[in-house]
Amino acid sequence: IHMRLVTLTFAERCCTLAAVVSRQRISMSTPPPPSSFIEDVNNQYEGFHRAFEEQFWGTKMALKDGSYTVDALTKAKGEMEAFLASKEKLAQTRGYLARSDLSEAERATLAIFERTFGCYIMESEAALALREKCTAIEGTLEDARNKMRLGAVLDGAFVELSSVGLRSKMRVDGSEATRKACWEGLRSIGEFVTANGFVELVRARNAMARELGYEDFYDYKVTQAEGFGKGALFGMLDTLEQGTRPLMEEARANLAAAKGEAALLAYNSAYMMAGSVTQKLDPYFPFERAVEQWGRSFAALGISYEGASMRLDLLDRKGKYSNGFCHWPQPAWVKADGSFQPTVTHFTSLADPSAVGSGHTALTTLMHEAGHAAHFANIKMPSPLFSQERAPTSVAYAELQSMFLDSLVGDAAWRFQYARDREGSPLPFALHEEDVRAKHPYEVFSLRAMLAVCPRLEGGALHERGTLVDPPRTLSPCRCPTSRRRCTSSPTQS
C-alpha cells in the first residue's frame with residue numbers, strides 16, 4: 001500500500017510538471033499584451049531619463065554635491081541611449097503595430113516607440129564605438145570649458161568675467177578699448193575649445209554619421225529631429241539668406257553713415273546701435289521683479305503648469321553653464337491607470353543684477369525657458385517619450401512657443417503693463433519709441449546671426465574633402481571683427 005501511494009504521488013508530480021512546462025511554452029510563444037509592453041518601456045525609459053537629467057543639471061550648474069561628475073553623466077547618458085537603441089524592443093514594437101486589435105492610444109504610443117528607437121539604433125559596430133568616443137570627448141570638453149579662466153584685460157589687469165558678463169559689457173560700456181577687450185575675451189573661448197577636443201569631437205561625430213550613411217553629423221541630427229536632411233534645410237535657409245542680404249547691406253551702410261565705419265566692428269555694433277537706450281531702459285527691468293513679471297504675464301495668458309514642480313537657477317556665477325536652458329528630469333505623461341504624472345522642470349537664466357542691461361536680458365531668457373517649461377508641462381500623452389526634447393522631437397516644434405513668449409518683453413502693450421521701475425513708475429512711451437527707432441532698422445542682423453550656425457562653418461572651415469584642417473584655420477571664418485555672423489550652436493551638445 002505504501003509503495004502504491006509513492007507511485008501515485010510520483011505520477012501526479014509528473015503530470016503537474018508537464019502542465020507547468022506546457023504553460024511556460026504557451027507563455028513563451030505568446031507575447032504579453034500591448035498594454036504590458038508599453039507600460040514596461042515607459043517605466044524603464046522614465047528611470048533612465050531621470051538619472052541622466054539629474055546628472056545633466058548637476059554638472060551644468062556646477063553643483064558641489066560630489067555625486068555629480070562627468071563620469072557619472074557619461075555613464076547615465078550611455079545607459080539611456082543603449083536602452084533607446086534596443087533592436088529587440090524595436091522588433092517587438094513593430095510586431096505589436098502589425099496587430100489589428102490596438103486601441104488608438106496604444107497605436108500612437110507604439111508609433112512614437114518605433115520612431116524613437118529608429119533614431120538611436122546603429123547597425124554599424126564602428127558607429128557605436130564612435131558614439132561612445134563622442135560621449136567621452138564631450139564630457140572632457142565640457143569639464144574643461146567649465147573650468148576655463150575667462151575674462152578680459154581691463155586697465156592693464158585681468159578681470160575674471162563669464163561669457164555673459166563679457167557680452168553685457170560689450171553692449172553698454174562707453175569705452176571702445178573695454179569693448180574690444182571683452183570681445184577678445186569671448187574669442188578666446190574658440191581658441192580654448194579647439195585646443196581641448198572640439199576638433200576631435202567634430203571629427204568623431206562626422207565619422208560616426210558617415211558610417212551610418214549621412215553626409216555629416218549635422219545631416220544626421222537634422223534628419224533624426226526634423227525628418228528631412230541638411231540639404232533640404234539649407235535650401236530653405238539659403239532662400240532666407242538671399243532674401244535678407246539686401247536688407248543687411250542697407251542696414252550696415254546706414255549704421256556706418258550714422259555712427260562711422262568703426263560702428264561695423266563686432267565689438268562696437270551692439271553699443272553703437274543701442275548702448276545708450278539700453279542704459280535708459282535698465283531701471284524698468286530690475287531683475288528682482290522678473291519672476292513676478294513672468295508669473296503675472298503667463299497667468300494673464302491662461303498658461304497653466306498643470307501641477308509641475310520647477311527648480312530655477314537664475315543668476316550667473318562662476319562654473320555655471322553660460323547659456324539658458326530648460327530640461328525635464330521628470331517628463332509629463334498619462335500613466336496606464338489614467339493618472340497624470342506632472343513634470344519636474346529645471347531651467348536657468350543668467351542674471352547679474354549689478355550689470356546694466358542684465359535685467360532685461362535675463363528676463364527675456366526667463367520668459368523663453370519658462371515658455372519651454374509650460375509647453376512640455378501640458379503634454380498629456382500616454383508615454384514620457386512624447387515629452388522629451390531629444391530626437392525625434394522637432395527643434396522647430398520645441399522652440400515655437402518659447403520664442404513667442406520671450407518676444408513679449410519687447411512688446412509695447414506688455415511693457416506698459418509690466419515694465420516698472422523700483423518706484424512703480426511705468427516705462428514711458430517716448431522711451432519705448434526711442435528703443436524701437438534705435439533697434440528696428442537693424443533687426444535683420446539678429447535674423448542673419450541665427451543663419452550663421454556652426455554646421456555651415458564646419459562644412460567649409462573644418463572639412464576639405466573629408467579632412468580636418470588645423471584649429472587656427474577652423475576659427476578663421478568667424479574671427480573677422482567686421483563680421484555680422486556668429487556661431488549659435490554649442491560644441492558640447494549632441
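A polar contact is a pair of N or O atoms within 3.5 Å, and within protein one of the two must be able to donate a hydrogen and the other to accept it. In this predicted model, such a contact is found at the start of helix α10, where a side-chain oxygen of aspartate 216 reaches to within 3.2 Å of the backbone nitrogen of tyrosine 218.

Helix α10 itself spans residues 217–226, and its buried residues are Phe217, Asp219, Tyr220, Val222, Gln224 and Ala225. These buried residues pack against three other helices, namely α5 (104–120), α9 (198–211) and α11 (230–259). After α10 comes glycine 227, which has a positive phi, near 90°.

Aromatic rings form a further topic, with 21 aromatic pairs counted in the model. One of them joins tyrosine 218 and phenylalanine 234, whose ring centres are 5.9 Å apart and whose planes meet at 25°, so the pair counts as stacked, since stacking requires planes under 30 degrees apart. This pair links distant parts of the chain, because tyrosine 218 belongs to helix α10 and phenylalanine 234 to helix α11, 16 residues apart. Tyrosine 218 is partly exposed, with a relative accessible area of 22%, whereas phenylalanine 234 is buried, at 7%. Elsewhere, Phe37, Phe48, Phe83, Tyr96, Phe113 and Phe117 form one aromatic cluster.

Two lysines lie over aromatic rings, as the table sets out.

| Lysine | Ring | Distance to the ring centre |
|---|---|---|
| Lysine 60 | Tyrosine 321 | 3.8 Å |
| Lysine 380 | Phenylalanine 340 | 5.3 Å |

Note on methods:
Residues numbered from 1 in each chain as written. Predicted model: local features only at pLDDT ≥ 70, side-chain atom pairs only at ≥ 80, totals over all residues. Heavy atoms only, no water. Buried < 20%, exposed > 50% of the residue type's maximum accessible area, 1.4 Å probe, protein only. Helix = DSSP H or I, 4+ residues; strand = E, 2+ residues; numbered from the N terminus. Contact = heavy atoms within 4.5 Å. Phe/Tyr/Trp six-rings, centres within 6.5 Å; stacked < 30°, edge-to-face > 60°. Lys NZ or Arg CZ within 6 Å of the ring centre and 35° of its normal.
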